[in-house]
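This report reviews selected features of the model shown below.

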Amino acid sequence: MMNRGGNKGGGRSVVQQPIGQKRLTNVAVVRLKKRGNRFEIACYKNKVLSWRSGVEKDLDEVLQSKTVYSNVSKGVLAKTKDLVAAFGSDDHTKICLEILDKGELQIAGKERESQLSSQFRDIATIVMQKTYNPETRRPYTISLIERLMHEIHFNVDPHSGSKKQALEVIHELQKQFPIKRSPMRLRLTVPEQEVSALLEKLTTWNASIVSKDPSGNQLSIICELDPGLYRDCEGLLMALHGKYEVLALSVHAEGDTVIDQHEEYEDEPPRSLIESADSESSKKKGTSDSDLAKKDPSDPAIQLSEKMQAQSISTGNVKATGEGKQSKCSTCNASFGESKLFRDHFKSDWHKQNLRRKSKQLPPLTEDECAADIDMDDSKADLKDYSF
């Protein structure tokens, strides 16, 4: 008599189960190569960066399993002898911590591209906040900062902080373009007998003194100082037995600043830029030829400044000569008379379709062409559903 397992007699059949496998899906994998072997751990998505930045403290919220793998996607566990040879221990929790701190986070291509794009925008925002145009003492627009970053061929380092990279970008931009660090505003308070030494040092640093306020046997000075001299100023105040207070990390000219705050409106030139361009053009008309002759036309900084001013002036002229308050979307090459229609346009399928075409270096479609293109895509999708 033969049983269901195919064995003769009364013995039971033995089902061969794979051992050493524990499959996990939809996880973030952190990988570390050591001693010629690959070790991986399975983590929750978006938790690895929080752990490394110190935001997340609970290890159980980061790791899906306190187990070391040689391949997470296949569920193959790391061998004990390999763990001892590489880490000197077979304690999985301890090894997981080391891999979590030193390993490389494995992410998909689109996710990596999204992170790099977001960090690039963060760096450009920091650069905009910490710099200004030396002629107008106003910050540059974020779209202009991003264009200049592309011109110097800046690449984002995902393993470095945004602030550190922003300072490096500022240093590189200053070599080629008219851009300066925004000064800090400080309140310095020193005894009366040390005032002369402080003023002498501030003169050496080319600091701008805003006000002086004597109070008793002390003098309080509000000044604007280059951020690179902050540590030197701190050391000086300690030597003079004074105290300091940071009033503002970045100081720009008073008034409306030209800042492009909304990504969906970056195709439309800011109104303050147009107004500043008109005022600059009127000032230029009143400038005598003798003043213009003092500038060296071969200076690259002056050439770039004139080029940017010409662009802003031409933009203002186009805006002024068009119909009243016409808003134009450069992505779709379309104009709108009402601001509500203009805002609604950025949420439409027409604009989204042209954004996708723009990323692929394709020309924009009209509204009718876009509707036909979307209908065609829907038809193809329906045919695909019914294909055999």
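## Aromatic pairs

Rings of Phe, Tyr and Trp (its six-membered ring) count as a pair if their centres lie within 6.5 Å. In this predicted model, ring pairs join Phe-336, Phe-342 and Phe-346 into a cluster. The structure holds five aromatic pairs.

One of these pairs is formed by Phe-39 and Phe-87, with an edge-to-face arrangement at 5.1 Å centre to centre and 65 degrees between the planes. This pair connects distant parts of the chain: Phe-39 belongs to strand S2 (residues 37–43) and Phe-87 to helix H2 (residues 80–87), the two being 48 residues apart. Phe-39 is buried, at 1% relative accessible area, and Phe-87 also counts as buried, at 14%.

Phe-342 is buried, having a relative accessible area of 2%; Phe-346 is buried at 8% relative accessibility.

## Cysteines

How many disulfides does a search of the whole structure find? The search returns zero. Cys-332 is in no disulfide, and the nearest cysteine sulfur, in Cys-329, is 4.0 Å away; the cut-off for a disulfide is 2.5 Å between the sulfur atoms. For Cys-370, the closest cysteine sulfur is that of Cys-332, at 7.7 Å, which is too far for a bond.

Cys-332 is buried, with 5% relative accessible area. Cys-370 likewise counts as buried, at 2% relative accessibility.

## An open antiparallel sheet

Four strands make up an open sheet, ordered S9-S10-S8-S11, with antiparallel pairing. Because strands S9 (208–215) and S11 (243–248) each have a single partner strand, they stand at the edges, and one side of each is left without a neighbour in the sheet. On average, neighbouring strands of this sheet are turned by 20 degrees against each other, direction ignored.

Strand S8 (residues 184–191) pairs with S11 in the antiparallel sense over five bridges. Leu-186 stands opposite Val-246 of S11. Helix H8 (residues 230–239) packs on the sheet and touches S8, strand S10 (218–225) and S11. The direction of H8 makes about 15 degrees with that of S8.

Asp-368 lies in helix H14 (residues 367–385). With 66% relative accessibility, Asp-368 counts as exposed. Asp-368 and Trp-350 are separated by 18 residues in sequence and by 9.0 Å in space, C-alpha to C-alpha.

Technical notes: Residues numbered from 1 in each chain as written. Predicted model: local features only at pLDDT ≥ 70, side-chain atom pairs only at ≥ 80, totals over all residues. Heavy atoms only, no water. Pairing = 2+ DSSP bridges. Axes fitted to C-alpha atoms, helices over the stretch in contact; angles between N-to-C directions. Contact = heavy atoms within 4.5 Å. Buried < 20%, exposed > 50% of the residue type's maximum accessible area, 1.4 Å probe, protein only. Phe/Tyr/Trp six-rings, centres within 6.5 Å; stacked < 30°, edge-to-face > 60°.
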